Amino acid sequence: MNRILSIFFVACLALISFGAFAQTNYVKIASTDQLVDGGKYLIVYEEGNVAFDGSLTTLDAIANTKPVTISDGSISVTNNDFYFTLEEIEGGYSVKSASGYYIGDTASANKIVSSQTEAFLNTIEFSGSTVEIICSENHLRYNSNDDQTRFRYYKSSSYSNQQAIAIYIDASYLGSDPMISIITPTNGSTIYTSTVTATVQVLNFVAGTNGNISFSIDEEAAIAGTETTHTFADLAEGQHTIHASLVGTDDAVVATATSTFTVNLSGPATTPIHDIQYTESAEGTSPLNGQTVTVSGTVTGFNSDKFYIQDAEA
């Protein structure tokens, strides 16, 4: 009888130990092709090694974070209770915390609105190694101010202390097939130099063991190797397409990705500061409100998350 009890105790202890130390692996994603409807995600500020704590019931709070360790584009967690779920809805995605709250921000204010019943519409756009999660023109970002560290929606994506974020998906949602995506240059982007470095992300494939990573541009011959970056130089103005592939040891292509971008050696067009400031609106709203513009001038002052600039000729 004592032997039976001992075996039962050891078995229970093993089950408890396995549950306590089971790891969930999250991997970084860098394109909409890798989004999985209903998948579990970590929303991460990589430089600070923190994730948005989806286990909270009060999500709009200072220090609404969990510490994470990032290694080679992946995060392993023991207590998998602070994720967010992304689900496709008409026009974009809902973002729902593990605690059961949809998040968004439909007003022009720096905050998070949460609801257990209303799914707010968020759009998701990748830019290089970061992602923009946007709800009614408000950007989900991480505030790095020492006394206000938090994830939150902000009216502008250009505040100096509001940092870009990345998302990591529970790897079990991706399956086991090899995958490759081009992080930079992003598809549809414009490059203002004749040299561009392509960077890819590879999943479920070990370069050098399972095969090679192949890069080519336009109609040029492919170059194979084990690196996840490759630099193309002396590019002419105009449109170019980078091709990246995973090639197995039997020379069969197992995954591909492309990114088309434009080289413009003349530089971006600038907008006069007068065109930004001058308005006939009674509320004083700029006619370019909400648009991204490029300006050229002299910075005359800086204050907190703002800076002041004037035309060089002024």
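1. The protein contains 2 helices and 26 strands; helices (H or I, at least four residues) and strands (E, at least two) are DSSP runs, numbered from the N terminus. This is a predicted model, in which local features need pLDDT of at least 70 and side-chain atom pairs count only at pLDDT 80 or more, while totals for chains, interfaces and linings use all residues. Residues are numbered from 1 along each chain as its sequence is written, and side-chain values use heavy atoms, with hydrogens and water left out.

2. Confidence. Mean pLDDT (the predictor's confidence in each residue, from 0 to 100) is 87 for the protein, and 88% of its residues reach 70 or more. Over residues 13–19 pLDDT stays under 50, and the model has 0 contacts beyond four places in sequence for this stretch; contact means heavy atoms within 4.5 Å. Where pLDDT is low, the predicted coordinates should not be read in detail.

3. Of the 314 residues in the protein, 35% are buried, where buried means under 20% relative accessible area, exposed over 50% and partly exposed in between (1.4 Å probe, protein chains only). Among the contacts with a separation of 6 or more, 58% come from residues 24 or more positions apart.

4. Cores. A nonpolar core is a set of buried Ala, Val, Leu, Ile, Met, Phe, Trp, Tyr and Cys residues joined through side-chain atoms within 4.5 Å. The largest one has 32 residues, and those with the most contacts inside it are Leu35, Ile43, Phe52, Ile103, Ile133 and Ile167. Another core, of 19 residues, lies apart from it and includes Ile180, Ile182, Ile213 and Leu235. Leaving aside neighbours within four places in sequence, Ile43 touches Val50, Ala51, Phe52, Phe84, Val95, Leu140, Phe151, Ile165, Ala166 and Ile167.

5. Aromatic pairs. A search of the whole structure gives 4 aromatic pairs. Rings of Phe, Tyr and Trp (its six-membered ring) pair if their centres lie within 6.5 Å; planes under 30 degrees apart count as stacked, over 60 as edge-to-face and the rest as tilted. The Tyr45 and Tyr142 rings are stacked, because their centres are 4.5 Å apart and their planes are at 15°. This pair links distant parts of the chain, with Tyr45 in strand E2 (residues 39–45) and Tyr142 in strand E13 (residues 138–143), 97 residues apart. Both Tyr45 and Tyr142 are buried. One aromatic cluster is formed by Tyr45, Phe52, Phe84, Tyr142 and Phe151.

6. Strands E7 and E8. Strand E7 (residues 84–89) runs antiparallel to E8, joined by 6 bridges; two strands pair if DSSP finds at least two bridges between them. Glu88 stands opposite Tyr93 in E8. The hairpin of E7 and E8 has 2 residues between the strands, and Gly91 takes a positive phi near 95° there. Strand E8 is largely enclosed by the rest of the structure, because 5 of its 6 residues are buried. Ser97 belongs to strand E8 (residues 92–97) and is buried, with a relative accessible area of 4%. Beyond its neighbours within four places in sequence, Ser97 is in contact with Gly54, Leu59, Tyr83 and Phe84.

7. Three-stranded sheet. An open sheet of 3 strands runs in the order E17-E19-E22 with antiparallel pairing. Its edge strands, each pairing on one side only, are E17 (179–184) and E22 (229–232). The twist averages 25° from one strand to the next; axes are lines fitted to C-alpha atoms, for helices over the stretch in contact, and angles run from 0 to 180 degrees between N-to-C directions. E19 (residues 196–203) pairs with E22 in the antiparallel sense over 4 bridges, and Thr199 stands opposite Thr229 in E22.

8. Five-stranded sheet. Another open sheet, of 5 strands, has the order E18-E24-E23-E20-E21 and mixed pairing. E18 and strand E21 (223–225) are the edge strands, each pairing on one side only. E18 and strand E24 (residues 253–263) run parallel and are joined by 2 bridges. Thr190 is opposite Thr262 in E24.

9. Pro185. This residue is in the loop between E17 and strand E18 (190–191). Pro185 counts as buried at 4% relative accessibility. Pro185 and Ile242 are 57 residues apart in sequence and 8.7 Å apart in space, C-alpha to C-alpha.
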